Amino acid sequence: MDILRTEGLTRKYGTGQTMVTALDHVDLQVERGQFVAIIGASGSGKSTLLHLLGGVDRPTSGKIFVEDVDIATLGEERLAQYRRRKVGLIYQFYNLIPTLSVKKNICLPMLLDNKEPGKERFDDIVRTLGLGDRLEHLPGQLSGGQQQRAAIGRALIYQPAILLADEPTGNLDRKNTEEIISLLKLSNRQYKQTILLVTHDENVALEADRIIKIEDGKIISDKAVRP
Amino acid sequence: MNIIREYSLDQVRKNRRTSISIIVAVLIASTFLCTLLVFAQSFWNQMVQQEIYTSGDWDAELMDVPADRLGMVRDNAGVKTMFVKGDNQTAFLPEGTALPYFLIQNCDSNYWDAMYEKNMILRGRIPQAPGEVVVSKDFFSQNQTYGIGDTLAVEIDSNVRTHMEGSQQKDAASLTIVGELDVSVSSGYEGYLAYGFMEPDELSPDSEVVVYLQMERRGKVYTAVPQIAQAIGLPKDEYGNYPCRYHSTLLAWHGVYAPGSFFQSDVPKLFLGLLLAAGASMAVFAYIIRGAFGISAKQKIHQLGILKSVGAGPKQIGRTVIYEACILSVIPILLSMVLGYLFSFGVLSAYSGMTSEVFGSRMEVSFSPAAALMAAVFSFVMVLLAAHGPAKQMSKILPIEAVRGEQYSISVKKAKSHPVLAKHFGFLGEIAVNSVNAGRKLYHTCMVTLSLCMLLAFGFLAAFTVSDISNAQAENRNHFDVNITLRTGERIDGALLAELKAMQGVQGISVYARANCAVWLSGSDQSAEFLQAGGFDGADGYIVERDGRYRIPCVLVGMEQDAYENVLREAGMEALPESSAIIVNSVAKNPGARDYEAMQETVPYLNLRQGQRVELTEKYSDDTQGDYEFTVDVAAVIPSMPEIGLAPSFYTLPVIVPMEEYYAIIGNFSDEMEVYNYRNYVNYVAPDGMDEEIQGEAERICSAYLGSSDFMTSSKTERMRNRGRMTGATMFVVCSLAALFGIVGISSVLSAILNSLGQRRKEFAMLRSVGVDEKGIRRLLGMEGFLLSVRPMLIGLPMLIIICAAQCYMMGVSIVEFLCAFPVWVLLMYIVMVLLVINGIYMLASKKIRDDVIVEAIKDDTV
C-alpha cells in the first residue's frame, strides 16, 4: 500500500532566462515501511524532491499525496502540522537550534504542539541514540556524529510515518556514517517507518530496499535492491 | 515555559549586540513619546494654572442671587464648592485722603481661596475677618501717610453703585488695611477699589450677591447650572437666559463645551494636533525600530527555518519576533518614563528660562501617572507595530530557503559599472559601490532616519528664518515704534490719556479705539473698479451674501477730536454737526497676491459719497450676541487709511468717527462687546534707539493709573528681542527632539553596519586571500562608509531645498534674503558630523573583519 505518491511533481527556480527546472514532472510511489535511497549527481534534484516531500518547499506544479492527502494544497498551518507530526526531516548539517539543550532539540516537534513525549519512548530513543549523558548539553558542545544523532532523535520523537534524510552522513566519518545508517535501519525495522534517504554514497545506498536515481530533475532508474 | 517563549528569551540573551541596539532604539523612541506627553501635560497644566491664576478656579457664575437662597445653592447635589462675592459697600474715608471713598467688594473665604484677586496682592495678606480690607495701590501712592496694618475709622454705606447719590444711612465702622492690591478703578468713581471679607451666613436676607460654583461633575455644568438657577427662582432675561455665566476657557481645557461650541474652541484642535504628532512619531519610530527587528529576525532566519522545518507554524514563527519585542521593550519603556521626565525637565526648564521674559511666567514641568501610563501604552503599541512587519515577513518564509539562508543574503542581481570610481579607486571602488547598492534594503531605515532628522531640524530652522525675515519686513513697514493697549473695560481715564499724549521726545503719536461692526449693502453699492477685480462675490469667506444683500465687515474707529478734524481738513472737508463719519473707501485689488507691493494695490470699494447716510449694525457675525443698529452721515470719503497704526483686514470698511461719538455708539452695544471695545490704542513714533526708553516711560505712566493687567506695552526693539528668544527657545526644543531621532538613527546605522559586515566576513576573507592587503581593505571600507554617509544627504538635501523654497514662496521672501539669514554653516556642520559619525562607526565595526583569520572566515558556512 502506497504511503507516498507524487504526480507530475515539478519545481522550478528563478524566472525568465535564469529559470532552472530542478524537478521535472516526477511520478513516484513509495510503499509503507520501504527504505528508499535516492541517488544522483550534485544538482540533479534529489534534495529538492526530498524537501518537497517534507513540506519545507512548495512545488511549482504537481501533486504530493501522503496517506492520500495532497500536501501541495495544504495551508501554512496544516502544512506545519504535517511537518511536525507526519514527517521527520534529517539534514546533512544537523540543523539543531544552538540555544536549546539537546533534550529540548529532540523534543522540539512535540514541544511546538505543547506536548511532552512519553517517558518510556523518550528514554528508548535516547538509549538507542546513545545520548543519555548529553541531554543537558548545548549542540555546540557535541561532536558531529552526536549532533546528527540528536537530529535523528528529533525526527523520531513524534513517531512520524515517514523519515526523510538529506545526506545525513555527508558530514561524518566512516564510523559515524555506519552508526547513523544502522540507526536508520533500526528505526525502519523497529518502528515500521518509511525512510527516504538522499545520498551520493553508493555503499550507503546499497543498505536500502530500493534505489531511485535522478538526473536533471527526472527519475532515470528505479530498482529494488531487496524484496 | 512555552518553547517559543523560551527560544525567544534565549535569542535575546545570546544576540546581545542586536538586543542592545533594539533596546536603545526602543528606549529613545519611548523617551521621545514620554517627552511629548510630558510636554503636552505641562502645556495643558500651564494653561489651566494660568487661567486659574488670572480668572479663578470656578466653573459657573450665578448673578443677583438673593442671600437667603445661598443655602439652596450650597446644598445642591451638583455643587462641589460655592463661593460668594458681593455685599458691596462704600466706606467714607476720614478727611485728608486724596479721594473720599473705599469702594469695597466683600468676598467669603472660599472666594479668596479659589479666585484670582489674591494673586494681585502686592504686599500684605488676604482679608481673613470682617473689617479687614486690601486696598488698590493708588491709595498708597496718593496717601503716603497710610500703610498696611493701619486701622481707619470710616462710615459705611451699602451698595457701591449708589454711593455718589449718597443720602443713605451710614454706619460707623473701622477698617484695617491688610494688603496692597495691584488694581485700579477709573478716577470717575472718585474712590479706591478695596476688597474685604464676609461671612455669607451673616448677610442680610434681602441683599443680592454673585455666586461662583465648582461643580461635582464638571461635564454637566451647562445643564446643571440653569436647573440650579431655576430651582432658586432666578428670573430669566429678555433673551430667555438665566443670569449665569460660564468659565468657558477653563471648562474647554477640561474638555467641557457649551452645546454647539466644540468646533469653535482651540482645545480640540490642540488635542487633535497632539494625537497627530503622537501618531506620526509612533509611525516614524515604529518604522525605524522595525529596521532593528528586521535585522534581528534576519540574523536568526536560519534557526527560524529549522523551527519551521520541524513543524513550527507561521503564527509560532511570527510570535518569536513578537515575544522578542515584548521582552526587549519592558525595561526600556519603564526606563523611558524616568528619562522622558528628566529630558522634558531639562528641555522645558531651558525653554522656560529663555522665554520667561517673553511670557512673563515660567512653565512648570508636570508629570502624572496617567501621562506615564499613556506614554507606556503608546510605546508598547509602537513596539508591536514595529515588530509586526518582520513577524509577518518571517512567518511567510519557505523553510528550506530560510535554512539555506538564501532569502535575505546580500546579493547583486546585476553589477553596474562605475567608470568614475573605477578610474580613481580601481576595482575596490566598484566593489564598494556595488556592496552599498546590494545592502540598500538593509540601510534603508538608517537613511530615512538620518534624512528625517535633518529635515526636522533644518525644516524648522528654515521656517523660523523665513518667519523672521517676514516679521522683520512687517516691522519695517510699521510706522510706529511703541504700541500701548489700554484695556480697563471702561472709558479710559482722561488724565492718563493726557499724560500719554504729553510724552516727551516722541516724533509722532496716534490714539484710537476700534470696534467691529458691519453694514448690509446691495450689489449695486460696489464700485465699478472693485466689481471688475472680483467684487463681493469674489470675497467669499469675508463677505456674507443673504437674499441678494451683502454683509460688509466694518471697523468703527474712534479718533481724538483734533486728530479727526486733521483728517477731515486733509480731505478738504469740514466736520458735520452730528454723527459725522469719515469712510476709508478702498479695498485690496489682489488680496491673494504673494508680493507685498501687489497686495497693497487698492481700488475704490463702494459707491459712497459725502452726505450719504450709512446704517451699521453691531452684529458683524452670526455669533455676535448684540444687534444694535446705528447710522452715520458720511462727512468725507478718503482713499486710504490715515497713519494711526491700524491695518484693517481685507474687505473691511473703516468708518472713522470722533472719540465721543465712538463711545456713544459702543455704549449701546451688548455688555460684553461694550466692555471689550473700551480698549484704547496709543502708538508712538520714537527717534532711533529710543523706543525702549519711551516704552518704559509709558509703562511708568500707565502703572500709576492702572493695574498691571489693564495695559500692555511693546516696542520694536522688545519685539525683535522676544522673537529672537522665542526662535532660539523653540529651536532648542526642536533640536533636542531631532537629537533623539538622530540617536535612534545612529543606533540603527550601527546595527545595520555590524549586521552587514558580519554577513560579509567571507567576502572580505576571499579578497584578502587573493592579495588585497589591509590598506586595501581599509580603503574599501572607507569608501563604503563615505558612500553610505552621503546618501542621507542626497535624500535629505533636495527635500530640504524644496521645503525652504516652498516656505520662501509662501511668505514672499526672496531666495537671496533667505540665504543671507539662514545659518548654512550649521547645516554644513551637521553634514560633516554625520559623515564623521558614520565613517567612525564603519571603521570601528570593520576591525573584526580586518583581524579575521582568512581560512577560518572562508570556512564560515552556516548551513
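Mentor: Let's start with a term: helices here are DSSP runs (H or I) of at least four residues, strands are E runs of at least two, and both are numbered from the N terminus. Bear in mind as we go that this is a predicted model.

Let's take chain B. Over residues 20–44 of chain B, the span is 100% helix and 0% strand, with its end C-alpha atoms 35 Å apart. That stretch is one of those the UniProt record (an unreviewed entry) lists as "transmembrane region" in chain B. Another on that record's list is 793–816. Residues 793–816 of chain B come out 88% helix and 0% strand, and their end C-alpha atoms lie 22 Å apart.

Now for the partner. Chain B gives 28 residues to the contact, and chain A gives 28 residues too. On the chain B side, B:Ile3, B:Val310 and B:Ile400 supply 24% of the area chain B buries against chain A, more than any other three residues.

There's a polar side to it as well. Ten residue pairs are in polar contact across the interface of chain B and chain A, counting pairs with both residues at pLDDT 80 or more. Four elements of chain B give two or more residues each to the side touching chain A: helix H1 (3–14), helix H9 (301–309), helix H10 (314–359) and helix H12 (399–404). H1(B) gives the most, with seven residues. By type, the chain B side divides into 13 nonpolar, eight polar and seven charged residues.

As for salt bridges, the count between the two chains is two. One example pairs the side chains of B:Glu6 and A:Lys104, at 2.5 Å from N to O.

Most residues other than glycine have a negative phi. B:Asp547 isn't a glycine, yet its phi is positive, at about 50 degrees. You'll find B:Asp547 in the loop between strand E13 (544–546) and strand E14 (549–559) of chain B. Exposed means over 50% relative accessible area, so B:Asp547, at 80% relative accessibility, counts as exposed.

Definitions and conventions: Residues numbered from 1 in each chain as written. Chains lettered and ligands numbered in written order. Predicted model: local features only at pLDDT ≥ 70, side-chain atom pairs only at ≥ 80, totals over all residues. Heavy atoms only, no water. Contact = heavy atoms within 4.5 Å. Buried area = accessible area lost by both parts, 1.4 Å probe. Salt bridge = Lys/Arg side-chain N within 4 Å of Asp/Glu carboxyl O. Polar contact = N/O pair within 3.5 Å; in protein donor to acceptor, adjacent residues only side chain to side chain. Nonpolar A, V, L, I, M, F, W, Y, C, P; charged D, E, K, R; others polar. Buried < 20%, exposed > 50% of the residue type's maximum accessible area, 1.4 Å probe, protein only. UniProt positions renumbered as here; feature names shortened; annotations may be inferred.
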